[in-house]
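I opened my notebook for a slow walk through this chain. Here is what I looked up, entry by entry.

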Amino acid sequence: MQFLSRNSAMAAEADRRRRPFRLASSVAVLVSVGLALSSCQSLFEQAYEPSVAPSSNPQIVDEVQKGDPRAQMGAREHPRIVASYGGEYSDAKTERLVARIAGALTAVSENPNQSYRITILNSPAINAFALPGGYLYVTRGLLALANDASEVAAVLSHEMAHVTANHGIERQRREEAEVIASRVVAEVLSSDLAGKQALARGKLRLAAFSRQQELQADVIGVRTLGEAGYDPYAAARFLDSMARYSQFTSVDPDADQSLDFLSSHPNAPQRVELAKRHARAFGPEGTHGETGREYYLNGIDGLLYGDSPQEGFVRGQTFLHGQLGIRFDVPVGFQIDNKVEAVLATGPGDVAIRFDGVADNQKISLPNYISSGWVTGLLPDTIRTITVNGLEAATARASADRWDFDITVIRIGPQIFRFLTAVPKGSPALETTAAQLRASFRRITPQEAASLKPLRVRVVTVGANDNIGTLSARMMGTDRKLELFRMINALGPTSSVRPGTRVKIISE
């Protein structure tokens, strides 16, 4: 959870325009074959030619992309993307690794003169995407899931294909046309059934168009992957890994993902088969290209995994934030999800919890703060002041639609922390859940804060006496150690590990 700031404690609109608590440094990697060869290779952790020296006339991304209207489109969206994904992840070793992979792809891409601004996003999510003008994004979560350089190359070549095929611009034009069509339908046909059907057909056309773009990018990406000297079957392997991750994190692991018909991406089995079919053009599996596994593992050893210190840590049923100096527990059976904008938790009986914080420099009283307009359905007569482990606090109840709410706000200095607990109307779980949250919220000691360490990807060598059981036992931050160990190492249910090989574990 990022801490939130407000211009006015009583302005409800300001609550909706939050600014991140942390400040992220801005580092972007430019890779372009149009640059001098020496300046391109100087970005790599291991240069292709040891004698190559850095360029005496280096170019930067803003100069290369000056005057490019597509780059201007990407530049407008770039700050929003970075903010939405928790800022940029700055680590020189990881940046050099990604630059090395991207440089090899650029040389054989559809448009080798295209420059790329590659940003590693500080997010545990598994994602990668592109904006017009060569803006490429990959999350550190995706880097943690990948097992070799060829798999990341598969992702980047796919995103480069979106750029060179101008998919971003085509998609924007199509969306604009659908917005106009939808407006006409809504005005002419109102809420008539025929109008709803027309709107639905428009959405289906837009989704189908996007799926076609994705499949086209897959084809171009696999070709680029193989021509760059990487294992072309890596695309299919990583698609399989992403499907396993989706099942691992799904509320219902057995759900059929293909039922999401309006998804902007084709279902995984279709893409895996397509990727394999185009990889066969380079020969049978294992006969073409390199995986780059060893230098890839070197590049991600120590990579931040899961929550970052700026967002706090989830440890079992407990949320702790060293920088803010706070902690609280959710009831047994609840699942915590530490989002950028807030900490969310869900539990049995459709009970939901939201926790966040705002800055209040005006020192408004907490009862007045609760009644300042940001709570929908507030019951004013229920507002009361309390103390929570010696801290100034206030509570209230609210009711809206099918839900009852408990609102608890707690002040520490110029900061107000907020709990919102929601239950189905009439549920007795409201008071017990809210009371447990309040009772568990407290400041942490400097010693507790100092002991909090983020989880990281650690690359270890399999010993003579090691097996999957002993290695997975070393995993931290999860109750599903064996399952997560198999997933991040792309190991099947019957796979084993050989002494002398290297694997990933998650530990401090």
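Entry 1: Strands here are DSSP runs of E with at least two residues, helices are runs of H or I with at least four, and both are numbered from the N terminus. I kept in mind that this is a predicted model, where local features need pLDDT of at least 70, side-chain atom pairs count only at pLDDT 80 or more, and totals for chains, interfaces and linings use all residues. Residues are numbered from 1 along each chain as its sequence is written, and side-chain values use heavy atoms, with hydrogens and water left out.

Entry 2: Ala 400 stands opposite Trp 403 in β14. In this hairpin, with 2 residues between the strands, Asp 401 takes a positive phi near 50 degrees.

**Entry 3: an open sheet.** Which order do the strands of the 4-strand open sheet have? I read β6-β7-β8-β16, with antiparallel pairing. The edge strands are β6 (313-315) and β16 (442-443), each pairing on one side only. I noted 2 bridges between β8 (residues 326-329) and β16, which run antiparallel, and Arg 327 stands opposite Arg 442 in β16. Helix α14 packs on this sheet, touching β8 and β16, and its direction makes about 150 degrees with that of β8. Such angles run from 0 to 180 degrees between N-to-C directions, and axes are lines fitted to C-alpha atoms, for helices over the stretch in contact.

**Entry 4: helix α14 itself.** I checked the length of α14 (residues 429-440): at 1.5 Å a residue its 12 residues should span 16 Å, and its end C-alpha atoms are 17 Å apart, which agrees. The expected span is 1.5 Å times one less than the number of residues. Ala 429, Leu 430, Thr 433, Ala 434, Leu 437, Arg 438 and Ser 440 are buried in α14; buried means under 20% relative accessible area, exposed over 50%, and partly exposed in between (1.4 Å probe, protein chains only).

**Entry 5: two helices together.** The axes of α5 (residues 92-106) and α12 (residues 293-300) come within 8 Å and cross at roughly 150 degrees. I listed Lys 93, Thr 94, Leu 97, Arg 100 and Ile 101 in α5 as meeting Tyr 295, Tyr 296, Asn 298, Gly 299 and Ile 300 in α12; contact means heavy atoms within 4.5 Å.

**Entry 6: a glycine in a loop.** Gly 229 lies in the loop between α9 (193-227) and α10 (234-249). Is Gly 229 buried or partly exposed? I found it partly exposed, with a relative accessible area of 31%. Gly 229 touches Gly 289 and Glu 290, not counting residues up to four places away in sequence.

**Entry 7: the whole chain.** I ended with the totals: the protein chain has 17 helices and 18 strands, and buried residues make up 47% of its 508 residues.

How values were computed:
Pairing = 2+ DSSP bridges.
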